[in-house]
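Q: Please take a close look at one part of this model, its nonpolar core, and then at what surrounds that part. Give the cut-offs for each term as it comes up.

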Amino acid sequence: MARRSMFDVDVPFFLPVWRRIAVVAVAVLWGLFEVSTGAMFWGLIFIGMGAIVGWRFTIADWDAVAKEEQDLE
């Protein structure tokens, strides 16, 4: 098994689509909340994190992740 880094999102935990959507939605919504309260810096940080993780979820090879998990079982 390849060594994983802290920022790998292509792990079996995120195989269900609803978990991926929830992570992106929570980050972006929290960022919007921060912006609405005047904390522009933190708002941009959370919105940026939501955008980055959303992009990483989009480009991940979920078929390979599912196959790898199935091989481990």
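A: The answer starts with the core and then turns to the charged side chains and the surface.

This is a predicted model, in which local features need pLDDT of at least 70 and side-chain atom pairs count only at pLDDT 80 or more, while totals for chains, interfaces and linings use all residues. Residues are numbered from 1 along each chain as its sequence is written, and side-chain values use heavy atoms, leaving out hydrogens and water.

The largest nonpolar core has 7 residues: Val9, Phe14, Val53, Phe57, Ala60, Trp62 and Val65. A nonpolar core is a set of buried Ala, Val, Leu, Ile, Met, Phe, Trp, Tyr and Cys residues joined through side-chain atoms within 4.5 Å. Buried means under 20% relative accessible area, exposed means over 50%, and partly exposed is in between (1.4 Å probe, protein chains only). Helix H2 (40-59) and helix H3 (62-72) are the elements that give two or more residues to this core. Helices are DSSP runs (H or I, at least four residues), numbered from the N terminus. In soluble globular proteins, nonpolar side chains tend to be buried together.

Phe14 is one of the core residues, and it lies in the segment before H1. Phe14 counts as buried because its relative accessible area is 15%. Leaving aside residues up to four places away in sequence, Phe14 touches Val9, Arg19, Arg20, Val23, Phe57 and Trp62; contact means heavy atoms within 4.5 Å. Phe14 and Phe57 are 43 residues apart along the chain, with 8.7 Å between their C-alpha atoms.

Arg20, which Phe14 touches, belongs to helix H1. With residues up to four places away in sequence not counted, the contacts of Arg20 are Phe14, Leu15, Phe57 and Trp62. Arg20 is buried but has no salt bridge, and the nearest side chain of opposite charge, Asp63, is 8.6 Å away. A salt bridge is a side-chain nitrogen of Lys or Arg within 4 Å of a carboxyl oxygen of Asp or Glu. For charge, Lys and Arg count as positive and Asp and Glu as negative, while His and the chain ends are not counted.

Glu34 is another charged residue in helix H1 (residues 17-36). Glu34 is also buried without a salt bridge, and its nearest side chain of opposite charge, Arg56, is 23 Å away. Glu34 touches Ala39, Trp42 and Gly43, again not counting residues up to four places away in sequence.

The structure holds 1 salt bridge. It joins the side chains of Lys67 and Asp71 (3.2 Å, N to O). These two residues both lie in helix H3, 4 residues apart, about one turn of the helix. Lys67 and Asp71 are both exposed.

Ile45 lies in helix H2, and it counts as partly exposed because its relative accessible area is 33%.
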